[in-house]
Amino acid sequence: NSCVNPCDLRTAVISSCPANASCSYFSDCSSKIQSWSCNSGYNKSGNSCINPCDNRTAVISYCPSHANCSYFSDCSSKISSWSCKSGYKKSGNSCVSSGSGGSSGGSSGSSCSPNAKSWCYANGYRRVQCSIHQQMDLCPCDPSYARCR
């Protein structure tokens, strides 16, 4: 005739509900977790829910102008790889015109004459730092000048 506590008959799947998770408790034992799952945007890792972006390192912090960027499939805010579009080449974390440098009279080079810095400034390029949410357009005549968009 002894009374049995229903919680004595239940085994929790996990001792406490992890951060960023939804947990279901036994109907006859509200102190023990019957099942749990991670909230949207999080993945199970052991007894935790983690943001997959925490385990991803971006190869570059923003997608440069004139570039094709690929993002991690499980972390759409971080760039996994990038390359410059046709007619452009990598210069540090930017894509610059791969046209002639001006000495041979090519079209992109000759538009920069007589002074590259003056041409950049006249065409709206400045010495700026763009935010992570902006794309940077580098001046084709002098990549130390840029526009943010």
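User: Which residue in E6 does Asn-68 stand opposite?

Analyst: This is a predicted model, in which local features need pLDDT of at least 70 and side-chain atom pairs count only at pLDDT 80 or more, while totals for chains, interfaces and linings use all residues. Residues are numbered from 1 along each chain as its sequence is written, and side-chain values use heavy atoms, with hydrogens and water left out. Strands are DSSP runs of at least two E residues, numbered from the N terminus. In E6, the residue opposite Asn-68 is Ser-83.

User: How many bridges join E5 to E6?

Analyst: Two strands pair if DSSP finds at least two bridges between them. E5 and E6 form a hairpin with 2 residues between them. The two strands run antiparallel, and the number of bridges joining them is 6.

User: What lies over the face of Trp-82?

Analyst: A charge sits over a ring if NZ of Lys or CZ of Arg is within 6 Å of the ring centre and within 35 degrees of the ring normal. Trp-36 has Lys-44 over its face, at 4.1 Å from the ring centre. For Trp-82, the distance from the ring centre is 4.1 Å and the residue is Lys-90.

User: Is Asp-137 buried or exposed?

Analyst: Asp-137 lies in strand E9 (residues 136-138). Its side chain joins that of Ser-65 in a polar contact of 2.4 Å (a pair of N or O atoms within 3.5 Å; within protein, one must be able to donate a hydrogen and the other to accept it, and residues adjacent in sequence count only if both atoms are side-chain atoms). Because its relative accessible area is 11%, Asp-137 is buried.

User: Is Ala-19 buried or exposed?

Analyst: Ala-19 is in the segment before strand E1 (21-26). Its C-alpha atom is separated by 7.2 Å from that of Ser-48, 29 residues apart along the chain. Because its relative accessible area is 57%, Ala-19 is exposed.

Conventions. Helix = DSSP H or I, 4+ residues; strand = E, 2+ residues; numbered from the N terminus. Buried < 20%, exposed > 50% of the residue type's maximum accessible area, 1.4 Å probe, protein only.
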